[in-house]
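Open the structure in your viewer and keep the selection tool at hand. We will go stop by stop.

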Amino acid sequence: MTSENSQKKSMLSRRTFLTAGGLSAMAIPAVLSMTGSAYASKDSDKFTVLNPQGIRQPRSRIPLSPRLKDLKGKTVYFVCQDKPVQTKELAKRLGKYLKDTSVVFRMKKGWVDDPDMELRNEIKQKADAMIYGTAMGGGSGKYAVNWISEVEKFGIPSVYIVGDPLKQDVEASSGMFGMPSMRYVLTPLVPEERVNEDISDAQFNKVIEGIIQALTKPLSKEEKKAGKMFTEKIPRIAMSGTLDEVQDYFYQHGWTDGLPIIPPTEEKVKEMLRGTSQPPDKVVTSVMHPEELTVTVEKTAVVGVMAGCRPEYMPALLAIIENYGNPAFTHAARSESSFSIITFFNGPIRNEIKMNPSTNALGPGNRANSSIGRFLSLAVIALGGSQPMLNNMSALGNPARYSFCFPEYEEESPFEPFHVSMGFDKKESVVTMAAGGWCRSSIMGDLDRIAAAVAGFSMDKGGIVLMDPDAAKLYQQKGMEKKDIEKYIQKTAIPQRNESSPRWFRLDALPFAGNFIDPLNDPRCAVKLVVQESRFAADPCVIN
Amino acid sequence: MHYTSPPNNKKNKLELKERITGMKNKSNNNDVSRRGFLKGAAAAAVGIPAVTLPLACSPGKNNTTSAKNEELLEVLNPRAELHSLPVTGLTAPRPADLAGKKIALLSEKPDAAAFFDAMEKLLKEKYPTAEILRFPSAASPMQPDNSREVAAKCDVWLQGVKSSGSSTVDTEAKLEKLGRPGVTFTVDGLLAQRKRLAEANGMPTLRILTIPAVKFFASEKAPDKMMEIASFVFDKTIKGLTDPLTEEEKNPAPFSFDYGPITFKGKSYTEANESFQQYFIDNQMGDGIPLTPPTKEAVEWMLTGTSRSPQEELGLMTPKDGMATIEKVAVNSVMAGAKPEYLPVIIATVEAMVDKHFNLYHISTGTLNSKLLMWVNGPIAKEIGMNSGQGFLGYGFRANSSIGRAVSLCMINIGWALRDAEIGMQGQPARYCNYVFAENEKESPWVSFAVSRGYKPEESTVTVEECITINSLGPGGGMDCQPLASDLDQLAAMIQGFTGPVPPESKFTGGPGLGSSNAVDIINSTYCEIGIYPTLAQQAFDAGYSKQELTQMLCDKYRVKWDILNKTQKKQIKEAAEAGTIPGLTPNDCKPGGTIPSINSNHIVLLVVGGTVGQCIGFYSVGSIVTDPENPDAPKPDFVTKTVHRAALTKAGR
């Protein structure tokens with residue numbers, strides 16, 4: 001938008017205001033004010049800003065394998081991931097419907113990320129076609145698409161059955177894996193016990209017809225297409241405009257969280273780059289979740305500027321990006337479970353960049369804590385391409401996503417710091433990240449109360465307990481060391497869990513990897529203790 | 001064949017596909033963005049920075065290409081004028097000796113009783129002729145003020161121990177003004193806050209003694225250890241009661257603050273902006289992430305959103321009693337990144353926050369790390385683009401994000417809730433933007449919250465609540481396709497399980513919950529809002545539940561056994577049952593083997609919110625709605641709701 005235009009718009013809204021004052025019934029097209037913005041006008045207030053998007057690497061497009069003429073006498077594998085819902089019923093009906101076809105129902109073993117090579121090889125040898133069904137949440141779609149693309153590469157025609165709320169996630173995921181024209185069929189999602197009541201025969205038949213068509217209908221030109229995808233380059237400069245225009249532009253393009261940013265001008269980005277000795281074009285990660293984009297040092301600096309970080313935070317920012325590329329975050333980035341990422345620091349960097357380890361460390365106020373937390377949030381959006389309702393399927397959203405970052409209070413802690421427990425040297429600076437972030441705090445009481453709170457989490461995983469240094473000292477005087485406290489909480493909490501959710505994720509130093517463990521006996525303790533001042537010894541905080 | 005563009009209900013946003021892949025949108029009708037984009041790209045192609053910003057970033061000497069002129073950035077002051085009581089010094093003369101004096105000990109909370117037991121013993125040993133009087137003390141605005149009675153009976157007083165962020169120093173200030181000298185105790189972590197409270201009461205030099213928090217809390221149930229603490233502070237206590245007043249204590253410096261605009265200089269706008277950001281963080285006027293500079297122009301622009309006068313006063317905001325005016329709200333809204341059309345909603349929220357029945361004090365000062373929960377009903381929500389569907393708690397929706405953040409900044413700058421003295425313990429990441437959403441009225445099978453509370457469907461309203469903790473019903477929601485009964489059972493369990501999987505009984509037997517011993521209070525002061533996703537609501541509706549029936553059902557699922565109540569509690573509950581003040585409680589329940597509700601079903605709110613990917617969320621609070629201190633007999637509302645009005649840019653809320 002030119003500044004002239006913006007002035008016009010702002011005059012318009014102001015004029016609207018003047019004439020409308022007092023006339024309460026006057027209808028004014030709301031749209032005017034909605035898109036109109038801007039008050040700044042001086043030319044010198046203009047910014048030329050760099051593009052914060054992660055770089056999508058070109059990838060080969062996977063052509064769909066040739067379809068079958070018909071399914072007569074063929075072997076069709078029906079593969080299901082995790083908890084089957086109406087897929088089981090669907091497989092049964094499909095078997096009846098296709099009398100001359102043998103339908104083999106198989107559960108893929110393990111969690112969503114388990115490749116189950118055994119089953120894949122079996123399919124390669126025995127199947128003529130494959131149906132892949134899942135009814136799980138947003139986090140699993142990506143894995144499903146990946147699995148299907150591998151089967152398609154064998155030359156076996158496949159189709160994906162997916163619950164209709166996840167349509168957009170499937171489209172985003174299939175594009176990402178180089179198979180944008182992957183064939184899928186939508187099915188309504190209904191409670192297991194009511195499959196036959198709530199899904200009419202007609203609906204079932206429609207899904208079945210869809211499956212048959214997907215496996216037999218000849219491929220279109222588009223579907224046969226091979227070659228390279230994502231070859232377009234993103235220009236380095238995003239746009240040029242006033243402060244408000246920059247805000248609007250970035251928000252409209254889905255590069256921000258809805259809050260103001262600092263315009264990432266060449267000047268600011270250069271200044272930010274002074275914080276690291278690494279060259280601007282060095283790749284920090286090539287799998288920035290959720291879209292698995294490539295992030296360079298310069299891109300990191302661009303988002304650092306946007307988040308309000310200072311140049312000296314740069315090493316911390318680079319470590320965060322590198323860490324977030326860990327496959328453990330693939331699921332968290334897409335899941336409908338509305339995770340936020342808990343980020344905490346250990347080692348000398350905490351003091352060097354003046355983080356606040358004391359009262360209100362998790363809350364707003366300290367520039368390092370707040371802006372580094374916000375950096376991760378913006379990085380996931382801009383560098384990773386996360387979009388609500390598209391590849392970020394969060395059902396609820398999470399206000400802890402704006403910023404959730406703090407340091408451990410090593411100086412006051414009677415125990416060894418977290419990173420030392422995890423095998424790092426005390427002098428090393430370490431960032432630890434974990435998916436979770438449904439923060440529960442202020443448990444007034446002893447370890448049993450903390451355990452009760454941990455047990456009360458609805459998510460199937462462990463937690464981090466933030467404990468005041470004084471309280472930690474008290475427990476130490478009683479003869480308990482850190483691992484004793486952790487163990488005590490874990491052992492007390494787990495038996496209190498609702499029987500319906502006996503599975504716990506492990507929570508290691510590095511992000512949880514999504515494997516189910518036996519929490520009572522697994523040496524990787526599910527509860528971790530971090531010392532952080534809380535003003536009161538009596539009130540630790542528990543994060544899930 | 002599947003790349004059809006998905007339904008896009010966000011008008012101002014680009015096509016989802018384009019946003020995600022970064023591919024150019026062929027039918028880009030967003031003229032504004034494209035032009036900006038192309039222009040930037042063209043400038044880059046010919047190698048000229050489109051704007052001649054100086055490269056002041058290179059270390060060392062001044063860059064010769066820097067702009068000749070200094071950039072000035074003038075911003076309006078976001079801090080609201082304080083209406084605290086006028087500053088007075090201590091006037092009550094200290095006695096030279098405590099022998100023969102009447103010494104009042106006021107314990108603030110039950111946990112302080114053991115401390116004062118020890119103190120009483122020590123005082124009696126040292127001053128056998130002194131008379132020790134014991135009183136309770138009003139620790140919060142909710143409790144009765146007994147300062148006149150105490151002043152009439154004693155010569156000197158000791159008060160405390162302040163152990164939670166939300167207690168006040170009103171009694172101390174009143175006693176000093178009534179001519180009775182004394183000393184107040186606080187645990188060390190709360191000293192800054194106690195001092196700030198003394199300032200707000202106009203008595204900055206009040207004598208405050210600290211005791212170590214960790215020892216205090218660890219010794220609560222051990223009288224001998226409490227004696228150690230009391231002995232530790234005993235000498236200081238005597239000095240505090242008997243040392244003559246110093247000149248400074250008598251005449252403290254008056255409070256002064258410059259409410260004028262603040263100017264930042266820099267070689268470029270970017271530099272001036274950087275000094276603005278850092279200054280606001282250093283002076284506790286921001287939240288640590290970038291703010292939009294509230295220039296005069298920006299604030300004027302913001303004010304176009306309302307037809308109310310900028311000078312209109314909305315009320316005093318706790319904890320420090322800053323006057324919330326429309327203009328100050330607008331300044332903070334600009335900083336938060338809001339747009340003018342959001343302003344009327346932010347104003348209505350502030351009006352609700354300063355309402356006498358709303359316990360904002362507990363949110364801004366409490367040690368529970370609580371945050372504000374607010375939801376919007378009525379047509380304005382859709383008009384300003386609030387998200388009521390999937391991912392409604394953030395991020396990515398400017399209306400939700402910036403309204404919630406504006407409210408936080410108002411608490412900091414209008415209420416002067418300064419982080420070193422006020423905010424929580426560990427702090428709370430949800431405090432950046434709070435819990436802000438609109439009810440999904442379109443997909444709800446029931447009438448909205450506002451309509452069920454007597455508002456018209458065309459009215460737009462904001463309702464505020466405190467949120468102490470949340471729980472989400474994660475994968476147990478729609479995606480796992482549980483049957484209805486099991487989902488509802490989980491909801492009921494969530495209401496009961498907010499403090500961990502403890503049976504509701506423990507609320508009444510001194511377990512987690514609140515300090516009150518009155519059983520009716522325990523039932524009435526718990527509040528719970530439940531966000532139900534539309535599909536589940538529809539299922540419940542199809543199964544024949546009205547909203548009220550469902551609420552009552554959830555409430556009745558886990559009832560408390562009559563037999564676990566103590567004698568006093570039984571009496572209180574029986575009275576309430578006879579008066580019929582608690583739904584679902586009848587005299588018939590009050591007998592051995594009977595059960596009573598553990599929460600008042602009027603305080604459970606079912607809000608339909610979320611999208612097709614289903615999960616539920618519960619928000620929990622205790623004691624967020626209080627009696628009006630000036631009018632204690634007036635009935636308490638169940639919720640504080642305000643109508644959005646005099647909006648200038650939207651059709652709704654005019």
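**Chain A at a glance**

Start by selecting chain A. Of its contacts with a separation of 6 or more, 82% are between residues 24 or more positions apart. Bear in mind that this is a predicted model. Chain A holds 20 helices and 20 strands. It has 544 residues, and 59% of them are buried.

**Stop one: a hairpin in chain A**

Select residues 283-288 of chain A, which are strand E10, and then residues 293-296, which are strand E11. The two strands run antiparallel, and three bridges join them. Pick out Val283(A). Its bridge partner in E11(A) is Thr296(A). Now look between the strands, where the hairpin has four residues. Stop at Glu292(A): here phi is positive, near 55°.

**Stop two: Val269(A)**

Select residues 266-273 of chain A to show helix H11, where Val269(A) lies. Is Val269(A) buried or exposed? Val269(A) has 23 other C-beta atoms within 10 Å, and a residue with 20 or more counts as buried, so Val269(A) is buried.

Next, show what Val269(A) touches. Leaving out residues up to four places away in sequence, its contacts are Leu50(A), Pro264(A), Glu298(A), Ala301(A), Val302(A) and Val305(A).

**Stop three: two packed helices in chain A**

Select helix H13 (residues 314-324) and helix H16 (residues 367-383) of chain A. They pack at an angle of about 40°, with their axes 11 Å apart. That angle makes H13(A) oblique to H16(A). Which residues make the contact? From H13(A) come Ala316(A), Leu317(A), Ile320(A) and Ile321(A). From H16(A) come Ile372(A), Phe375(A), Leu376(A) and Ala379(A). Turn the view to see the crossing of H13(A) past H16(A), which is right-handed.

**Stop four: a helix in chain B**

Move to chain B and select residues 113-126, helix H3. How far apart are its end C-alpha atoms? They are 20 Å apart; at 1.5 Å a residue, the 14 residues should span 20 Å, so the two values agree.

Now color the buried residues of H3(B): Ala114(B), Phe115(B), Phe116(B), Ala118(B), Met119(B) and Leu123(B).

Terms used
Residues are numbered from 1 along each chain as its sequence is written. Chains are lettered from A and ligands numbered from 1 in the order in which they are written. This is a predicted model: local features need pLDDT of at least 70, side-chain atom pairs count only at pLDDT 80 or more; totals for chains, interfaces and linings use all residues. Two strands pair if DSSP finds at least two bridges between them. The expected span of a helix is 1.5 Å times one less than its number of residues. A residue is buried if 20 or more other C-beta atoms lie within 10 Å of its own, exposed if 12 or fewer, and partly exposed in between; C-beta atoms are placed from the backbone. Two residues are in contact if their C-beta atoms, placed from the backbone, lie within 7 Å. Axes are lines fitted to C-alpha atoms, for helices over the stretch in contact, and angles run from 0 to 180 degrees between N-to-C directions. Angles under 35 degrees count as roughly parallel, over 145 as roughly antiparallel, 65 to 115 as roughly perpendicular and the rest as oblique. A crossing is left-handed if the near helix is turned anticlockwise from the far one by less than a right angle, and right-handed if clockwise.
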